[in-house]
Amino acid sequence: MSTNNDRQNALAPDDVGDNAIEAKETEGLSQGKIVFRKFLRHKGAMISIGVFAFVALFAFSSVGFGPIPGWWIYNHTSSGQILNPGGAPTWSFSNFFSLGDHPFGQDDIGRDNFARVMKGTQISIIVMVIIGLVCLVIGTIVGALAGYYRGWIDSLLMRITDGFIILPVIVIGSILGKLVGGANGPLLGLALGAILWTGLARLVRGDFMSLREREFVDSARVAGASDFRIMFKHMLPNAMGVIIVNTTLVMSQAIVLEAALSYLGFGISPPGISLGQLISEYQTSFATRPWLFWWPGLFIIVIALCVNFIGDGLRDAFDPRMKTIPSWRKMKKAERMTQNKVANTTQKEEAK
Amino acid sequence: MSDSTSTAKSPVLDVKDLGVNFWVNDEWWMAAEELNYTVNAGEVLAIVGESGSGKSQSSMSLLGLLPSNGRATGSAKMGGTELIGMPPEKMQQIRGNEISVIFQEPMTALNPVYTAGFQIVETLRVHLDVGPTEAKERALELMRLVEIPDPEERFHSFPHQLSGGQRQRIMIAQALACQPKLLIADEPTTALDVTVQAEILKLMRELKSKLDAGIILITHDMGVVADMADRMIVMKAGRVVESGNAEEIFYNPQHPYTKQLLEAVPHLGTGIEGEAFGAELSDIEDSAVIHESDAAHGTAEDTADAAGSSSDQAAHPPSATLSPFVTEGGADRVSGLAEAAEAAGQPMRGDDIEMDSTETYYHPGSQADFSQPSALQLRDAAIEYPAIGRKKAFRAAHHINLMVAPGEVVGLVGESGSGKTTIGRAALGLLPTVEGDMVINGTSIKGLSNKQLRPLRKEVGIVFQDPGSSLNPRLPVGESIGEPLYLHEGMKGPALSKSVEELLTAVELPTSMRNRYPHELSGGQRQRIGIARALTLRPKLLIADEPTSALDVSVQAKVLDLFEGLQQEYGFACLFISHDLAVIERIASRIAVMRHGFLVEIGKSSQVVANPVHPYTQRLLSAVPVPDPREQRKRREARDAVLEATANA
Amino acid sequence: MTRFILRRLLSTALVLLVVTFVLYLLLNVALDFFWDLRSSTSPNIEALYESRRRLLDLDTPAIVRYFKWLAGVGGCVVGQCDFGIAWKSGQEVTSQLQGAIANTVKLITASTIVAIVLGIAVGMVSAIRQYSGFDYFITFVSFLLYSLPVFWVAVLLKQYGAIEINNFINDPTLSSWVPIILVCVALGLFWMGALGGGRKRRLITFLAATVITFVTIYYILASGWLQAPSIGIVGVVVIGLGAAVVMTFLSTGLKNKRVLYATLAMAVIGALLYMPLQYLFYYQEMNWLWMFGLLIVTIGVAVGVGLAFRGPDPWDTVRTTFFTGLIVAVLIFADRVLQGWGDYSNQPAINNRPIATIGASTPNLEGDFWIANLDTFTHLLLPSIALILISFASYTRYTRGSMLEVMGQDYIRTARAKGLNERTVVMRHALRNALLPLASIIPVDIITMIGGAVITETIFGWNGMGKLFIDSMRQSELDPIMAYILITGLLAIIANLVADFLYAVLDPRIRVNA
C-alpha cells in the first residue's frame, strides 16, 4: 500500500493536469457516470422525465392494458348517458374541487372522453416506442456497417437515404399507412420505423467514420481484434451518445407523425384509436364540443415536448464540448459573493 | 522577482499582483495569481511553463479575452492606463492598436471566409482613419515586411490557400498593423514544422529590432526561449517560480522546478558528446565560451573535418569526462555542425546533392543488407492510402529501403506530410504496401488480409502519438492492456489480472490504476498505459509513433527514461518516429530522415547529427533551437545562413 | 464545381427514378381501385368491375404499366406530357396540376422566406444571449413548436386567427383590457431579453417596448385601423426612416455617418415619390410586369444613391441603401394594396369576413390587380402562419447551435483581439460562418415544408399539390399520386441545387479551388 502511495507521489508532476477544469469534474467516474450526472443536472430533461413517466403511468393504469383491467370506471368504447349538456366536462369548483363522472367530458354518443384519451395516449406511446426501437436497430446496424466498411455498402446506404429524403416523410408514411394501417398500431409503428431509420443511420455512419480514424481503433486492430469485436466492443460504446440522442429525437418526431397520419386517415382509423385519430374524429365538433379537440391535442404536445426535452438533455450530457458555462447572472452572483467575503475578511483583519 | 538588468527603456506594461480565476462548479478555480512583471519596449519577455501553468490565460486577461467564466484581479498598467476591469468599449480601442496578439493555431485563427488581405485591412481601418486604397497599400507593405512572397497575389488569397507558415506571417502582419506597443505571441510557432518555425523565429527577431515594441512570448519550448528571450518568467501551476534575465536563468537556475525543467529538455547534440556534454550547466557555459572563440578562427572545412574525426571518438567513452580537452572537442563538433550547415552553399561533400533529390544517402555502415536477420525490412517499398469512393489513392511513401536489426532502435524523422507515420502504419499492416516488400521478423506481410495478419500481430506492438486517443475512452485501462492477451492467448480471470498488474508495475504505475478510465489519468500516465499495452505480448518489434510529442517536457523526459529502460529489459527492436530531432538523437542508434515521402538520408545518430549530407537534413538540423542562449546565438547565425541558402525548397 | 453539381444532379435523378418505381408497385398493392364498387348492389356489378379493370389497364402487370406511365411522363421532354388521368373524376392529371403547382410553390416560398429570416434573426440573438432568460424562452418556444401537430394548430388558427378576428372586425368591442396589457408586458420582456445590456438599459428597454406596444395597439383599436387598415404617407415615412436607421446599424454601425445619411436620403426619396406613384397607380392598370419594372427602378435608384454618397467604402453604402430601398418599395406596395381593403371587404363575395379560411382565392371576385393581390394575401395568411411555425423552430435551433459553435472558434477570438466591436464580430465574422451549415439544412427543411403543406393545404382547402395528393389517395387515383411524387421529387432536387449554389457562394473553400 505504501509503495503505491510512493509511486503516486513520484508521479505528481505528471498530474499537473492538461485541463484542471476537466480533471476536477471527472475524478473517479466512468464516462457513463459523467454523462448521467450531467443529465441529472439538466432541469428541463428532469422535469420532462417526471411528466412523461406520470402520463405513461396514468395512460396504462387508468384504462388497463390488454387483459389487465384499469382503475377508471369507464372504457373507451361503451357509451353512456350524457350528463352535462353536450357532454361537457363535469369537473367543477363547487365544493372546492370535484372531478365529476366525466372530467374530460363526453362525446356525442356519450363515450367517456377521459377513457378515450387515455387509450389513445397508450396506443400513441406504443407506436412511438416501436418506431424508436425499429430505428435504433436498423439505423445502428446499417450505419455501423456503412461507416466501418465504407465502399459499396456505404454508397448503397447513402442512395437509399437519398431516396427517403427527396420525399416528405408524411407522403411515404401515407402510402405505407394505407398499406398496413387501419386499427393496428404496432404494425403501423413497424412500417413507420422502416422509413424513419435513415436519419439515424446517416449519423451513426458519420460517427463511425470519424471513430474509425481514432487511434484506439487501430490499436485494437493491432492487438488482434476482429472486425466484429472492433465494431461492437470498441466503437459502438463510443457511438452510444449519437445513437441514444437521435433515437429520442426520432421518437418525438414519430409521435407527431403518427398523429398527423391518423388525422389524414392513413394511420390508425376506427375502431382503432390514437390521439391523432381522436382529433380527426372530433375536429368538426370543435365549435360545439371543444374539449374533445383540446385534450388529445394537449397530450400529443405534452408527450412530444417531454421527449424533445429529454433528447435535449441527453445531447447536452453526451456532448463533450459542453462545459457547463455559468450564465452571466451566475457570474455576477459569484463576483458579489467573493467580494462580500473579501470585504468581510478585510473588515475582520482591520478589526483585529 | 526583481530584475537584475535595469534597462534604460521605459516599461510598456507594468503588471502587479495579477490573478486569473475561473468559476467552475460553483467555486473559483485559480488559474494564475500574484503575477508581477514589467515589459520594456524593444524587449522580449518569455513566459515559460508547461500546460496548465496559466501562462496563456494570464496574458489573455490583459486584453479582457478570458472566457465568460473567467475573471482577472490585480493590476496591469500600460502607460498609466489600467487594463484590468476596463470597460469593453475602451478595451476595443486598445486591442489590436496598443496591444496585439499572435495566436498559436494559424489554421484556425484566421477567418476562413475572408481573404488574407481583407483581414489585415480590417485591423488597419478599425483603428486608423484610412481609406480602403491607403489601407490596402499599408497592408501590402506589411505583407512585404513579413516577407510574404507575391504580396499582391496573396492579398486576395483565402487562408486555406496559404501554407501554415504564410498564415502565421499574415497573423503577424495583422498584429503589427497598428504598430502596437505590446505584442503578445501565444505559442506562435508551436503548431508549425521545425523549419517553418525557424523561419518565423528569424522573422520575429528581425521585426523586434525594427519595431520598438515590447513582446511577451508565451511558450513551453525552451529552445524558442533561448532563441528569442531577453528576460523570462517561469510559471508553474499559476504561480511564478522564477523570473529574471534569460541567460541567468538558463545558466544558473535557482528554483528546483526550473532546474528540473531545463534538465528535462532534450538537447540536440548531446548524443555525440557522450556523457560529458550538457550534464552540468557549467559545462555548457564553459564550452560555449570556448566555442565562441573557437568558431572565430575556425574555417568551415577545418571544423567539418574536426566534426568528422571527433564523431569517431564519440564511439569510445571519453576517458576523462571533465577534462578541458574533451569539452573543447565537444564544442568543436557542435560548431562544426553549425559551420557545416552554414557552408551548405560552398563546395562541400554534400554539395552535389540537390535539395529536391529523392535518392537516399547512406552513411557508411547503414546500407540496408537484407541478408542479415532483421526485425523490420522495407525493400524498395511504396505505401499508399487506398482510394475511398471518389477520393483517389494517395502514395505517401516511395522506394523505401530500410532495415531495423533485432534489438536496434532506429529513429525516423521528418516534418508533417513527410510520410514517416505512413511507414509505421504500413509496418503494422494498417496500410497496404503496394510495391516492393515489407518483411516483419522474416515474414512478408505484403498483401495479407486482416485475418491472415492476426497471428503476426503478436510480433509487433505500437505506441501512438496521442495517448488520449489511443485508449478506448469507454474501457477501463486494465481491460485495454489485457485485450491482446485475451485475444491471442485466451487468457482470462486471475491469470489475466496478474499479467496486467505486472505490466502496470513494469511501466511504474500503481496496480490500482487498472480500474480507472483513460480520462481520469494524466497525459503521462496514459502514455505509460499505451506503452504497457504495446508490450503486453512481448513483441520483437515496436513501432513508436511520436510517443512523446503530446506531452510536456518534464513528462516527456520521464517517459523516455522509462522507454529506454524497458527497451533494455525487453530487448525489442524499435522504429521510433518523431519530428523532434533531439528526442530521436537521444533514443535512437540510427536515424533515417524522410522528406516528401522519400527517405533522403540514413546513418548512425552521431553521423547524421554531426555530419548531415543531404541539404534537407542540414536545414532540419540547423532549424532546431537548442535550450542554451549562447549556443543558440551561434546557431542562429548558421541557421539564418542555411535558411537563406536553401530557401524556397 | 460544375462537375460536382452535375454528378449530384444525375445521381439524385436516378434515385428519384428508383423511388417512383418502388412506390408505383407499392401503391398498386396499397390502393383499392374498386373501393366504390365494394358496397354496390348494382346488378351489373361484374361488368362494372370489368370495365374498371379495363379503364385502369389492371390486367397488365404493374411493372409494365410503370414503364408505360414513365413513357408518358418522358413525353414532357418533347413537350407532350402525359401524366395519365384521375379516373374518379375523369380529369387529365396535367390539367389538375396546372394551378396546383403554382399554388403550392406560392405557399412554400412565402413561408420559407419568412421562416428563414425570422428564424435566423431569433436564433442568432438567442445564441448571443446564451443561458439568459431570453435564450431559455426561445428554446422552450422552439421545442413547443416542434411538438405541435400542424393539423391541430391549423384548426386553432381557423378558429382564433380567422373566425374570431373577422367577428372582431365586424364588431370591435373589447371585453377586457387584461389580455392586451399582458401582450404589452410580454413584448416588453421579449425586447428586454433580446437587446440585453446592463440593468439600467434593460429597464429602459422594457419600459419603452411596453409603452410603444401599448400605444400602437391603442391607436389601432381607437382609430378603427382594423376596419380600414392603411399605412399612408406618414406610415411610409416613419417606418422608412426607422428601417434606414436599423439597416445602417446592422450593416455598418451608426458611427458611419455617411451611410446613415445615404439610407435616410433613400427613405426621403421614397416619401417624395409616394404621391407621384399614387397617380401612376391610379391612371395606369398595373400588373406584375409593371411591378417588376418598378422594382428594377427602385434598385437602380438605391444603387445610385449609394454611389452618390459613396464614402470610403462605396459597396457598403450601396448594400445598405439597397436593402433600405427594398423595404421602402415594399412599404409603398403594401400601402397601395391595403388601400383596396374597404372595397374588398364590402364585396358580396367577401361579406366583411376578410380573413379567409378556405381556398387559395375567392371565387367570383371582382377587382383590379390590387384587389386580386389583397385577396391572395388574405388567403395566404393562415396556411403560411401554420407552415412558418414549424420551420421557424428548426431554423432557430440550427442557427443557435451553429452560431454558438462559431462563436467559440479561434478566429472569433482573433477578431476580438483585433479590437473589432461586438457588432462587427457578430455580423461580419460569426454570422457568415454560422450560415454555412444552414445552407445544407434549407433543402431538407423545404422538403419537410412540402410535407407540412400536405396537411395545411388539406385543412385550409388550398388547391395545391398536397391537397391533390391527399384527395387522390382517398380516391385511390394512382396517376395523380405518381405525378405528385415526381414533381415533389423534382422540387426537392431543385432545392438541393439551390443549396449547393448558396454554399458555394458563401464558402470560398468550395468556390475557390485551392
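**View 1. Contacts within chain C of the predicted model.** Residues 24 or more positions apart make up 71% of those contacts in chain C that have a separation of 6 or more; two residues are in contact if their C-beta atoms, placed from the backbone, lie within 7 Å. The model is predicted: local features need pLDDT of at least 70 and side-chain atom pairs pLDDT 80 or more, whereas totals for chains, interfaces and linings use all residues. Residues are numbered from 1 along each chain as its sequence is written, and chains are lettered from A and ligands numbered from 1 in the order in which they are written. Chain C contains 20 helices and two strands (DSSP runs numbered from the N terminus: helices are H or I of at least four residues, strands E of at least two).

**View 2. Helix α18 of chain C.** Because eight of its 11 residues are buried, helix α18(C) (residues 465-475) is largely enclosed by the rest of the structure. A residue is buried if 20 or more other C-beta atoms, placed from the backbone, lie within 10 Å of its own. Among the buried residues of α18(C) are Met465(C), Leu468(C) and Phe469(C). Packing partners of the buried residues include α7 (169-180) and α10 (227-264) of chain A, as well as α17 (422-460) of chain C. Just after α18(C), Ser476(C) has a positive phi of about 60°.

**View 3. The contact between chains C and A.** Chain C contributes 38 residues and chain A 34 residues. On the side of chain C that touches chain A, α1(C) gives the most, with 10 residues. That side of chain C comprises 29 nonpolar, nine polar and no charged residues (nonpolar: Ala, Val, Leu, Ile, Met, Phe, Trp, Tyr, Cys and Pro; charged: Asp, Glu, Lys and Arg; polar: the others, Gly among them).

Notes. Buried ≥ 20, exposed ≤ 12 C-beta atoms within 10 Å, placed from the backbone.
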